[in-house]
Amino acid sequence: IYSPDAEYVDLLLNPERYTGYKGPDAWKIWNSIYEENCFKPQNVKRPLTSGRGDLFNVCLFSGVCVEKRAFYRLVSGLHASINIHLSARYLLQDTWSEKKWGPNVTEFQQRFDEVITRGEGPRRLKNLYFLYLIELRALSKVLPFFERPGFQLYTGNLSHDEEVKNQLLEILQLAKSFPLHFDENSFFAGNPKEAAKLKEEFRLHFKNISKIMDCVGCFKCRLWGKLQTQGLGTVLKILFSENLIEKIPESGPSYGFQLSRQEIVALFNAFGRL
């Protein structure tokens with residue numbers, strides 16, 4: 001944070017919205033994310049982001065395991081979330097005297113209408129809800145980490161620290177009270193060695209997605225893309241660390257499971273986007 005190269009950005013003053021970043025460059029970013037990171041059978045050679053649902057069908061009908069199908073759905077849900085925000089806060093007017101943002105229904109339809117997208121749009125929205133359930137589940141699981149008396153947010157103001165922590169715990173308690181949580185117990189339930197290998201693949205894939213986001217030419221797009229990608233990576237870290245979280249002592253350091261300040265910021269801002 002004290003690096004001379006660091007840039008401070010107030011997210012409230014820089015909301016996620018349409019910036020004009022589109023065309024071949026934007027398409028290449030998402031194509032790279034899907035091509036390099038979404039698991040697929042080795043006999044599939046064609047591009048997977050043609051807009052006709054190729055990857056979704058490949059995953060469903062070619063024997064790809066449930067965990068790998070879930071990985072694709074998470075990436076697709078993230079993509080859908082970003083597209084919805086771009087459509088909801090679209091640059092409707094751009095003159096020398098005024099910039100006006102608002103909902104662009106046509107843009108939304110082009111991305112999600114069942115007929116225009118040849119049936120793919122509704123699947124994207126279902127994947128968005130799947131992503132929401134996964135992140136909600138992680139918030140309910142991570143509650144013990146934040147409940148510890150020794151956990152501090154360190155905003156620089158003691159009274160503000162206490163107030164924000166209370167609000168944070170209120171949100172997490174609310175998440176835990178949700179009656180229809182996603183059951184992740186079916187994931188990675190097979191051979192322990194294979195499960196550990198698959199978890200590591202998940203981690204490396206998300207690390208690579210974050211690197212791809214570094215190639216985004218628009219600074220604001222890159223900022224929000226990386227923030228949400230890291231938030232989702234933190235969600236998976238929480239779900240993969242359930243046993244460690246359950247063993248966290250009420251007082252003293254938590255060596256088995258830790259979240260950095262950056263991971264915490266990404267976790268809640270990413271969930272806020274959903």
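**Close-up views of the predicted model**

View 1. The structure is a predicted model, in which local features need pLDDT of at least 70 and side-chain atom pairs count only at pLDDT 80 or more, while totals for chains, interfaces and linings use all residues. Residues are numbered from 1 along each chain as its sequence is written, and side-chain values use heavy atoms, with hydrogens and water left out. Ser76 lies in helix 3, residues 66-88; helices (DSSP runs of H or I, at least four residues) and strands (runs of E, at least two) are numbered from the N terminus. Ser76 counts as buried because its relative accessibility is 4%; buried means under 20% relative accessible area, exposed over 50% and partly exposed in between, for a 1.4 Å probe and protein chains only.

**View 2. Arg17 and the annotated binding site.** An unreviewed UniProt entry lists Arg17, Thr19, Trp30, Ser76, His79 and Arg111 under "binding site"; such annotations may be inferred rather than shown by experiment. Arg17 is located in the segment before helix 1 (24-37). With a relative accessibility of 21%, Arg17 counts as partly exposed. When residues up to four places away in sequence are set aside, Arg17 touches His85, Leu86, Arg89, Trp101 and Lys220.

View 3. Strand 1 (residues 90-94) and strand 2 (residues 99-102) run antiparallel and are joined by 4 bridges; strands pair if DSSP finds at least two bridges between them. Tyr90 has Gly102 of strand 2 as its bridge partner. The two strands form a hairpin, with 4 residues between them.

**View 4. Phe182 in the loop between helix 7 and helix 8.** Phe182 belongs to the loop that separates helix 7 (158-176) from helix 8. Its relative accessible area is 17%, so Phe182 is buried. Apart from residues up to four places away in sequence, Phe182 touches Phe130, Leu133, Ile134, Arg137 and Phe187. From C-alpha to C-alpha, Phe182 and Leu136 are 8.5 Å apart in space, although 46 residues separate them in sequence.

View 5. Helix 8 (residues 192-213) comprises 22 residues and reaches 32 Å from its first C-alpha to its last, close to the expected 32 Å, taken as 1.5 Å times one less than the number of residues. Its buried residues are Ala195, Leu198, Phe202, His205, Phe206, Ile209, Ile212 and Met213.

View 6. The unreviewed UniProt entry places the feature "active site" at Cys218 and Cys221. Cys218 is in the loop between helix 8 and helix 9 (219-240), and Cys221 is in helix 9. Cys218 is buried, with a relative accessible area of 14%, whereas Cys221 is partly exposed at 24%. Cys215 counts as exposed, at 58% relative accessibility. The count of disulfides, each a pair of cysteine sulfur atoms within 2.5 Å, is 0.

Note on methods
Contact means heavy atoms within 4.5 Å.
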